[in-house]
Amino acid sequence: QPTKANAKTSYLKAFEKKIALLPHTWIVVRIDGKGFHKFSERHKFAKPNDDRSIELMNKAALKVMQHFPDVVLSYGQSDEYSFVINRYSKMERHGNKIMSSIVSLFAAMYVYNWNNVFENVTLEYSPAFDARVVLYPNNSCLRDYLSWRQADCHINNMYNTCFWMLVQSGNYSRREAEEKLRGTVSKDKRAILLNEFKRDYDAEDALYRKGTILFRHDCASSTTSLKTTFNLSYACDELKKGNSSNEAYSVVKEHTDIIGDQFWTERPWLLG
Ligand code: ATP
Ligand code: ATP
Ligand code: MG
Ligand code: MG
Ligand code: MG
């Protein structure tokens with residue numbers, strides 16, 4: 001029996017609409033730094049790629065994966081990270097809650113680790129990150145999504161590498177560099193790097209060219225013959241109960257191609 005006060009306020013709960021996420025779909029949460037163009041200039045990031053910010057992003061993403069065992073894989077580049085949640089996750093499929101929990105933990109960790117990574121660079125103001133949650137109904141869509149993000153990384157990095165090479169080593173002004181690169185395709189940029197600067201784009205660090213993939217270690221390599229997907233959610237359950245060692249469900253970091261089939265065929269437990 002509700003008290004008078006409860007009766008007066010309980011109707012308010014009906015205004016809270018849960019965004020219920022469809023079962024058995026891949027849940028992707030993508031976070032992206034707000035105004036990082038300005039943030040990176042204000043904190044004098046090395047251009048085109050500042051290793052310290054990448055390290056902070058990767059540390060924050062690792063924390064998210066430790067906190068949310070159902071995140072099977074994460075992909076990061078520039079000021080963004082995508083978190084892929086196991087499609088059969090038994091997590092409460094409440095979109096706003098999942099998304100806000102992930103993005104706030106991520107932002108908090110980016111700031112929490114700032115001094116360890118940037119050492120004597122003062123954090124001038126707190127960065128913020130936006131987030132969105134997207135559902136992908138099958139493995140093919142999910143792979144297309146991740147390919148799209150890695151292709152974006154490639155295109156931006158090739159442009160930025162060229163742009164900053166022209167500015168830093170080629171005595172171009174920013175405006176002149178922009179002018180020179182306008183309308184160029186990938187082949188043209190490779191040629192500029194090679195002919196004017198004797199740099200082979202493919203020899204640039206894979207960390208910059210491919211971004212960062214964090215994924216769960218193969219839980220299925222244990223003696224059990226259970227299906228890998230089942231294994232994965234089993235591992236999640238065990239981890240939540242505190243029964244599983246961290247290493248059995250540890251996270252691996254790579255900077256490799258995820259557009260082709262090889263990454264996925266070599267790691268069949270990821271998509272299940
Ligand atoms: P928005 O709020 O719309 O996301 P933004 O300024 O963050 O605006 P993005 O398209 O997200 O724009 O681009 C992020 C920018 O942050 C890059 O263009 C780059 O200038 C900068 N940046 C992010 N990470 C790094 C890094 N590790 N090193 C150098 N610059 C970086
Ligand atoms: P959930 O993740 O479900 O929100 P929770 O532990 O955060 O779990 P809440 O119902 O949100 O549970 O309650 C927050 C709790 O945090 C309070 O019950 C109280 O114990 C503690 N708390 C929050 N703010 C203060 C404060 N200013 N002083 C002392 N305790 C506080
Ligand atoms: Mg953006
Ligand atoms: Mg941004
Ligand atoms: Mg971005």
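E3 is mostly covered, with 5 of its 6 residues buried. Here a residue is buried if 20 or more other C-beta atoms lie within 10 Å of its own, exposed if 12 or fewer, and partly exposed in between, with C-beta atoms placed from the backbone. Helices (H or I, at least four residues) and strands (E, at least two) are DSSP runs, numbered from the N terminus. This is a predicted model: local features need pLDDT of at least 70, side-chain atom pairs count only at pLDDT 80 or more, and totals for chains, interfaces and linings use all residues. Residues are numbered from 1 along each chain as its sequence is written, while chains are lettered from A and ligands numbered from 1 in the order in which they are written.

**Strand pairing**

- E1 and E3 run antiparallel and are joined by 6 bridges. Two strands pair if DSSP finds at least two bridges between them.
- Ile 27 stands opposite Ile 85 in E3.
- E2 also pairs with E3 in the antiparallel sense, over 6 bridges. Gln 77 stands opposite Glu 80 in E3.
- E2 and E3 form a hairpin with 2 residues between them.

**Helix H4**

- H4 covers residues 95–112, 18 residues in total. Its first and last C-alpha are 26 Å apart, close to the 26 Å expected at 1.5 Å a residue. The expected span is 1.5 Å times one less than the number of residues.
- Ile 98, Met 99, Ile 102, Val 103, Phe 106 and Tyr 110 are buried in H4. They lie on the same side of H4, because they cover an arc of only 110° around the axis. That arc is taken from the directions from the helix axis to the C-beta atoms.
- An α-helix has 3.6 residues a turn, so residues three or four places apart point the same way.
- The buried residues of H4 pack against E1, H3, E3 and strand E4 (129–136).

**Ligand 1**

- The shell around ligand 1 holds 15 residues, and Phe 36, His 37, Phe 45, Asp 50 and Ser 53 come nearest. A residue is near a molecule if its C-beta atom, placed from the backbone, lies within 6 Å of it.
- Strand E1 (26–33), helix H2 (36–42) and helix H3 (51–67) each supply at least two shell residues. H2 gives the most, with 3.
- By class, the shell has 3 nonpolar, 7 polar and 5 charged residues. Ala, Val, Leu, Ile, Met, Phe, Trp, Tyr, Cys and Pro count as nonpolar, Asp, Glu, Lys and Arg as charged, and the others, Gly among them, as polar.

- Most residues other than glycine have a negative phi, and most peptide bonds are trans.
- The peptide bond from Lys 47 to Pro 48 is cis, with omega near 5°. Pro 48 lies in the loop between H2 and H3.
- Ser 78 has a positive phi, near 50°. Ser 78 is in the loop between strand E2 (71–77) and strand E3 (80–85). Ser 78 counts as buried because 22 C-beta neighbours lie inside 10 Å.
- Lys 198 has a positive phi of about 55°. Lys 198 is in the loop between helix H8 (186–197) and helix H9 (206–210). Lys 198 has 7 C-beta neighbours inside 10 Å, so Lys 198 counts as exposed.

**Glu 204**

- Glu 204 is in the loop between H8 and H9. With 16 C-beta neighbours inside 10 Å, Glu 204 counts as partly exposed.
- Leaving aside neighbours within four places in sequence, Glu 204 is in contact (C-beta atoms, placed from the backbone, within 7 Å) with Thr 161 and Arg 209.

Conventions:
Contact = placed C-beta atoms within 7 Å.
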